Amino acid sequence: MDKNFKICVVGDLRVGKSCLVNRFFKKSFSHDYICTRGMVLSSKTVIISGVKTELNIWDVSGEELFQTNNSENYKNAVGVLLVYDITKLKSYENILKWYSDVSIQANPSAVFILVGNKRIEGCEASNSFHSSFIY
Ligand SMILES: Nc1nc2c(ncn2[C@@H]2O[C@H](COP(=O)(O)OP(=O)(O)O)[C@@H](O)[C@H]2O)c(=O)[nH]1
Ligand SMILES: [Mg+2]
C-alpha cells in the first residue's frame, strides 16, 4: 500500500454520519436508526492520481461530544468531515465544539470539510430554514 489516510466523520448524534459512511461503502441508505457505539472503522482502497491509497474512515459516535477523555481517537487524522443536520440548528452550533475537539489531535495540516446533511428534495421548509441560519 503506497498511502494510508485516516479520516474521521464527526458531528452530533443522528445528523446522518453513519448513513454517509454506509452510502460510501455499501451504496445503500436506510431510514432505520442504529446508534453507533464508540468508533467504527471501515477501510477501502482507492487509486488517487495513480497511487494506491487506503482510506481508513472512522465513524464516530455523536455521544462523544463534550466528553473529557484522554483518548487519541482523532490522532493523526488527515481528513475530518464535520457533519451537521440542516434541519437542526443546534447540530450546526455544535460544529465549533467538534472542530476544537478534533483539531487538537488531528494532523496539523488536516483538511476539515463542513457537511450540511439531510437536504430534502422538494421540501422547501427544511431547506429555507437552513438558509436562515447558515448565512
Ligand atoms: N431525510 C433524511 N434522513 C436521513 C439522512 N441521512 C440520515 N438520515 C436519517 O437520520 C437518522 C440518523 O442517521 P445516522 O446516520 O444513524 O446518524 P448518526 O448518529 O449521525 O450516525 C436515521 O434514521 C437516518 O435514516 C438524509 O440525508 N435525509
Ligand atoms: Mg452513527
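Of the 135 residues of this protein, 24% count as buried, where buried means that 20 or more other C-beta atoms, placed from the backbone, lie within 10 Å of a residue's own, exposed means 12 or fewer, and partly exposed lies in between. Do keep in mind that this is a predicted model: local features need pLDDT of at least 70, side-chain atom pairs count only at pLDDT 80 or more, and totals for chains, interfaces and linings use all residues. Residues are numbered from 1 along each chain as its sequence is written, while chains are lettered from A and ligands numbered from 1 in the order in which they are written.

**Fold**
- The protein has four helices and five strands, taken as DSSP runs (H or I, at least four residues, for helices; E, at least two, for strands) and numbered from the N terminus.
- Along the sequence, these elements follow the pattern β-α-β-β-β-α-α-β-α.
- Among contacts with a separation of 6 or more, 72% join residues 24 or more positions apart; a contact requires C-beta atoms, placed from the backbone, within 7 Å.

**Around ligand 1**
- Ligand 1 is surrounded by 15 residues, the closest being Gly16, Lys17, Ser18, Cys19 and Tyr33; a residue counts here if its C-beta atom, placed from the backbone, lies within 6 Å.
- Helix 1 (residues 17-26) supplies the largest share of this shell, with three residues.

**A look at Ile120**
- Ile120 sits in the loop between strand 5 (111-117) and helix 4 (124-134).
- Ile120 is exposed, because it has 12 other C-beta atoms within 10 Å.
- Thr87 lies 33 residues from Ile120 in sequence, and their C-alpha atoms are 9.6 Å apart in space.

Methods: Contact = placed C-beta atoms within 7 Å.
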